[in-house]
Amino acid sequence: MSEITRADVCTLACAEAWRDAGEIMVSPFGSVPALGARLAKSTFSPDLVLTDGEAALVHGVSTLAAKPTELTREAYVPYKAIFAVVWSGRRHIMMMASQVDRFGNQNISAIGPHDHPKAQLVGVRGAPGNSVNHPTSYWVPNHSTTTFVESVDVVCGVGNDRAAQAGPGATRFHDLRRVVSNLGVFDFATLDGSMRVVSAHPGVGIDEIIAATGFSLGGLDEAGVTPEPDDAQMALIEQLDPRGARLKEIPA
Amino acid sequence: MANKQTTLAAMTAEMQSGMTIGIGGWGSRRKPMALVRAILNSDVEDLTVVAYGGPDVGLLVKSGKVKKVICGFVTLDSIPLDPLWRAARQAGAVELMEVDEGLFYLGLQAAAWRVPFLVARAGLGSAVLDNAPEIRTIENPYGDGPFADPADGGATLVAMPALRLDIAAVHVNIADTAGNAMVLGPDPFFDELFLGAAQRRFVTAEKVVEAGTLSDHGPLERVIIHRLMTDAVAETPGGAHFTTNLPDYGRDEAFQKAYVTAAKEPEAWAAFSQRFLAGDEDSYQQAVQAWRAEQ
């Protein structure tokens, strides 16, 4: 068994987002969440549903290195069917964020003013609809004051404050779960729905998290240490990521 | 029965400045690139482009023919960002109405069903409504009565307006001369809604066959575009290149990479466009063949 890396800790932290989720679609963005989803499905959440990234549901658990032809497909889900799943709420997505703020607003559209951005990114994509229709979490592999910001430039995924302002149409199914970064695990279980530290990854000081965050975090006094995978989980992580894709995202 | 087979040139000739053009496909997948290339060499301008954006949007915006884009993203899939699109946006050279992918779907569906809007939660609380104030909200009219759901009693929802198109263009594997078309790839995307939302409806295809013979080429269930949805059909082999059009061909990743590399440098872009985009579709396909032979 090789030594436990930060990437392995992050993988388990992502997997935990889907503990006891039941039979829902998991849509992980990034290698670590993709591995975490497979770990969750292989262990404590066997009913999770993953897609092949094209237009099919995958039967069983495939490795991150599996070629499309090696997958067993169990159902046909073109984009139109995906929207039906999104709007039915039977999904928990973990998106990435170029910026995430204190109330969990996320930006993947553009940095700077919208009519003349300093940096054009991919666009809002489905983030506005995802975040008000089903559980949503975020994965930020590069925690810094440029990614964890006081307020995002373009609200794509909707945070707790903005959902509340938009009223019951937005809040009814809005369910922001957790943010996993390379430094720690965060949630929004505070009185005002702002972000709180749940745990710092092993070897990461709370001071390091504070210095890398552009707003004040709650939960600083109660924060724990993110659990490390046990031997069985480590064996699965290595089996499911034989080429070490997680280590390219979070270098050891 | 009308024979709808025509040419790229005839399709392009119908395009006029100021039109709203819908382009099928998704990202760098099954895009009607031959028609996009033909537009690059036309004299239309001030277009509004409506698309699940890929290199179609990058190329058209770079050509200066586009006033406004309506989309939820622009991506090349295997390469996340399109440099031509980024540069245009960062220069403030193009207007953007940025909508959620699902709202985009509903906007096309509303136009196809000839209703003014369709309702969604998507967009509520997000910057979509701040940056596109022309998108309006609606109070739930079912706050009481037999269909009332108390949990949505006071809800305000997004009324996504119909995205009405002057022209829509989609690319498929095989079409027939009557205007039926078969998509053999993994996802039909929203091509039928682009066609449904448009006044003039163009299909380009790898191959055009005799009317009534499509079921010789694959399952009838794959003929997802029928002739009530189309006005004109053109045969454009390789017409989705360099985007994917399975099972005919996958994405030309090497060529897409060359496009991206060139798009980042003005001199390299001038050479790329001179070599590949200055002529007609035949010369594009020949230039790609020659390029491939060099690799």
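This is a predicted model: local features need pLDDT of at least 70, side-chain atom pairs count only at pLDDT 80 or more; totals for chains, interfaces and linings use all residues.
Start by selecting chain B and colouring its contacts by sequence separation: of the contacts with a separation of 6 or more, 74% are between residues 24 or more positions apart. Here two residues are in contact if their C-beta atoms, placed from the backbone, lie within 7 Å.

Residues are numbered from 1 along each chain as its sequence is written, while chains are lettered from A and ligands numbered from 1 in the order in which they are written.

**Stop 1: chain B as a whole**

The mean is 98, and 100% of the residues reach 70 or more. For the model, the scores are ipTM 0.97 and pTM 0.97.

Switch to a cartoon and you will find ten helices and twelve strands in chain B; helices (H or I, at least four residues) and strands (E, at least two) are DSSP runs, numbered from the N terminus. The C-alpha trace of chain B spans about 70 × 50 × 30 Å along its principal axes.

**Stop 2: the domains of chain B**

Next, give each domain its own colour: domain 1 (5-100 + 163-235), domain 2 (122-161) and domain 3 (253-294). These bounds come from an automatic or database domain assignment. The centres of domain 1 and domain 2 of chain B, taken over C-alpha atoms, are 31 Å apart. Where do they touch? Four residues of domain 1 of chain B are in contact with five residues of domain 2 of chain B.

**Stop 3: the face towards chain A**

Show both chains and select the contacts between them: 39 residues of chain B are in contact with 36 residues of chain A. Among the elements of chain B that each supply at least two residues to this side are helix 4 (83-90) and helix 5 (101-113). This side of chain B divides into 20 nonpolar, eleven polar and eight charged residues. Ala, Val, Leu, Ile, Met, Phe, Trp, Tyr, Cys and Pro count as nonpolar, Asp, Glu, Lys and Arg as charged, and the others, Gly among them, as polar.

Now zoom in on B:Ala87 in helix 4 of chain B. B:Ala87 counts as partly exposed because it has 18 C-beta neighbours inside 10 Å. The scale is: buried with 20 or more other C-beta atoms within 10 Å, exposed with 12 or fewer, and partly exposed in between, with C-beta atoms placed from the backbone.

**Stop 4: a sheet in chain A**

Finally, move to chain A, which has nine helices and 15 strands. Three of its strands form an open sheet in the order 7-6-11, with mixed pairing; strands pair if DSSP finds at least two bridges between them. Strand 7 (106-107) and strand 11 (148-149) of chain A each have a single partner strand, so one side of each is left without a neighbour in the sheet. Strand 6 (residues 99-101) of chain A runs parallel to strand 11 of chain A over two bridges. To see one of the partners, select A:Val100 and A:Phe148.

Note on methods:
pLDDT is the predictor's confidence in each residue, from 0 to 100.
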